[in-house]
Amino acid sequence: MVANPWLSHTVRIAKITDEIPGVATYDLEFVDPVQNGSYRFLPGQFNMLYLPGVGESAISLSAHPDSRGRWAHTIRVAGNVTQTLARLGTGATLGLRGPFGSSWPIAKYHGWDVVFVAGGIGLPPLRPAIYHVLDHRADYGRVTLVYGARSPDTLMYPREYDRWKAAGIEVQTTVDRATPDWKGNVGTVTVVLDRLPLARPDRTVLFTCGPDVMMHFTARSALQRGLTAEQVWLSAERNMQCAVGLCGHCQLGPEFICKDGPVFRYDRLAPFFRVEGL
Amino acid sequence: MPAAFLEKCQLQTLFDALRGDGYQVVGPTVSQDAIVYDEIRTVDDLPRGWTDVQEPGKYRLERREDDALFGYVVGPHSWKKYLFPPLTTVAAADRTDAGWAMSTPAAAVPRYAFVGVRACELAAIRVQDRVFLEGPYVDPIYKARREATLIVAVNCTQAAATCFCTSMNTGPRCTAGFDLALTELPAGFIVEAGSDRGTALAARLPLREAGEQDLAQADEVRERAVNDIQRRMNTDGIRDLLLGNLEHPRWNELATRCLSCTNCTMVCPTCFCTSVTEVSDLQGDHVERQRHWDSCFNLDFSYMNGGLVRNNVRSRYRQWLTHKLASWIDQFGSSGCVGCGRCITWCPVGIDLTEEVAAIRETAS
C-alpha cells in the first residue's frame, strides 16, 4: 500500500506569535500523538496547510530543524487560505500534508564561509538553516546574514538578531525606505552584498530566499564577487497545488518547484529563472 | 501463443468473455458525429462501416464501402478519461467535536476492459504510467484503475492526415502494453496475446490457427497504415532546440493564432495537469477536495502571489509545447507526445505542432 499523498493530518494551533503587521508565526502540533512524535523535516522544506472549504497553501517551515512536538510556520496574509487562517485562534484545527521538497544543504558546507541573503518574507524559510548554523557554529567559518525589508518595521524576527549576533553571525539589515530613527543600511540587499568582505570566495556558499528579482540580482552579485553558480542556492516559488509533482502548476522549465525544489543550486535554474513568462 | 484467427461473427464472444469476468467493456462508438469511447455491450455498438476524415481543425465521419468495425483512427476521447478521470474526489474533511477529521475516500475501483486501443494510445498510457506510477510519488487513483484494467489493442490499417506516430516511434504497430491485440481483416481478426492474462483469455475464444495467407494479409493491411502516414516531425535534438529558443519570434506569431482555448490539452492523451476545488455541504461540515483536469492554457493556472506568471498567450503556448516535446524528456525520460495528432485535429484554428517545430528549427538560434 503506497502512502496517499492527498491525505492531510489534523494539526492544532498551539501558539500564535504576531511578527509584523500581516505576518504571524503559528506553532502547529499534530492531534495524533504518534504523528506528533515521528514528524521530522529538513531546513527549507514546506508543508501544505489545509483549511477545509477554503483550500491549501504551501508554507515553508520556519521552525528549528530539531523541533519536537510543535513546528513553527511564519505566514503572511496573502490569499484566501492565509486570510482565513489569520482569523483562527489557538486550539483551532487545520490540515497538514508534508514535509515536501528539497532542503538547504547547509550540513554539506562544514568549514565554509556562509552568506544568507533574504528579502522580506524570504527570511522564514531560511531560519531553520540559520538555527542549524547557530547550533553548529564551530563547523563554519565566517557567517553573515544580509536581510532586506521594505521598512524598519517590516524586518522579521528583530528580537532574535541579538542572540544571532552573540552566537557569531554577522547580521546586516537594510531597508528600502528608512524612518527618521533608522541608523542602518538603506537600499537593496545587493548594495550590502556588493560591499561585503569575502575573504575566500572559493570557500563561500550563499543561500538566498526572496522575490525572484531579488534572488536574480543576488546571484549576479555573488558571481561578480567570485562565487561560482555551484556555490549559490536559492528557494524558488510558483503556484503549488499537489506538492508532489503531479498537478503541473509549479513548473519552471524542466523543474517541478514542489518536488525538484523549492531549494535549487543556482546553475540548475539559471537558464530558466528570469525568462519572462516561463 | 502463436497468432490465431477469430471469425468476425465470433467477436461477440470476446465481449461476452470480458463481461463474464466482471469487466466493464469500453470502446469506440459513434456519438454526436464523432467516434468516442463509451460502454460497449455488443458488437453492434461499434462504429461498423464508419471512418473518420481528419485535417488540422477538421473532423468528419464518413461511410466506408465495407463493414469494417475498426476502420478509423483516434477521435476526441482518449483512455485517460478512464484511468485518470476528469473529475474525482481526492480527499475529504469532516468537522467533529475534536476539530477537523481528514480522510481519503475509498472509492470503488471500476474494472475496465478497453477494446480498440491503438498503438499511439498504448504509448500514451505508458507515458502516463511514468508520470503517475514511476516517480517519487504515486497517484493512488490512477494506480488502482490502471492495475484493474485489461487492454485489447487494435492495429491501425489506415492513418489520418494528422497522424505522425512513425515520427514518435509509437506506432502504428502495437508491440507491447496490451493483453490482446487484434488486426482486422475482411473475414475476421488476427489475434495476438501480449500477456499471460491475454493468453488465458484467448484460450476461451473460438479461435482457429491463423493461416499463412491470413498472416500475409495482416502484414499487408498494417503496412497500409504505415504508408498512409504523411505527417512528419523531426525530433533530432528537440529538447535543446525548444529550450534553447525560448525567445524565438515564432512564439509571438503563434500567439496571434492560438485562442488559448485548452482544446489541445483536453484531447491530448498524456496531458495530466489538474486543479483541486473545495466542495462543501451547506453547513460547511463536510468538505470534499475535487480534482479536475486543468490546462496550462487557462489564465489562472500560473497564478502566484497576486499575479500571473504566464499572463499572455505566447507564454502559455510556449509552456505547452516546450513541456510536451522538451522538458517532458527531463522530467519523465520520454517525450510527452505520441504522435496521435489529436491536438492538430481539434485545434479550432488548426495549429499543427509539427509545423511549429519545423518553423522554429528553420530559424533556430
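1. **Ground rules.** Residues are numbered from 1 along each chain as its sequence is written, and chains are lettered from A, with ligands numbered from 1, in the order in which they are written. In this predicted model, local features need pLDDT of at least 70 and side-chain atom pairs count only at pLDDT 80 or more, while totals for chains, interfaces and linings use all residues.

2. **Domains of chain A.** Chain A splits into domain 1 (9-100) and domain 2 (106-273). The bounds come from an automatic or database domain assignment. The C-alpha centres of the two domains lie 22 Å apart. Their contact takes 18 residues from domain 1 and 20 residues from domain 2. Contact here means C-beta atoms, placed from the backbone, within 7 Å. On the domain 1 side, the elements giving two or more residues are strands E1 (9-20), E3 (46-51), E4 (55-60), E5 (71-76) and E6 (93-100) of chain A. Strands (E, at least two residues) and helices (H or I, at least four) are DSSP runs, numbered from the N terminus.

3. **A:Val244.** This residue sits in the loop between strand E12 (232-235) and strand E13 (251-252) of chain A. Why does A:Val244 count as buried? Because it has 21 C-beta neighbours inside 10 Å. The cut-offs, with C-beta atoms placed from the backbone, are 20 or more others within 10 Å for buried, 12 or fewer for exposed, and partly exposed in between. Leaving out residues up to four places away in sequence, A:Val244 touches A:Pro5, A:Phe100, A:Cys258, A:Lys259 and B:Tyr137.

4. **Chain contact.** 35 residues of chain A are in contact with 42 residues of chain B. On the chain B side, elements giving two or more residues include strand E6 (87-96) and helix H11 (313-332).

5. **Core.** The largest nonpolar core has 181 residues. Such a core is a set of buried Ala, Val, Leu, Ile, Met, Phe, Trp, Tyr and Cys residues joined through C-beta atoms within 7 Å. A:Phe116 and B:Val152 touch the most other members. Helix H3 (residues 119-133) of chain B gives the largest share, nine residues. Beyond four places in sequence, the contacts of B:Val152 include B:Phe114, B:Phe178 and B:Leu182.

6. **Helix H11 of chain B.** H11(B) has a kink of about 55°, centred on B:His323. The bend is the angle between axes fitted to the seven residues ending at a residue and the seven starting there. In H11(B), 16 of its 20 residues are buried. B:Gly333 follows H11(B), with a positive phi near 75°.

How values were computed:
Two residues are in contact if their C-beta atoms, placed from the backbone, lie within 7 Å.
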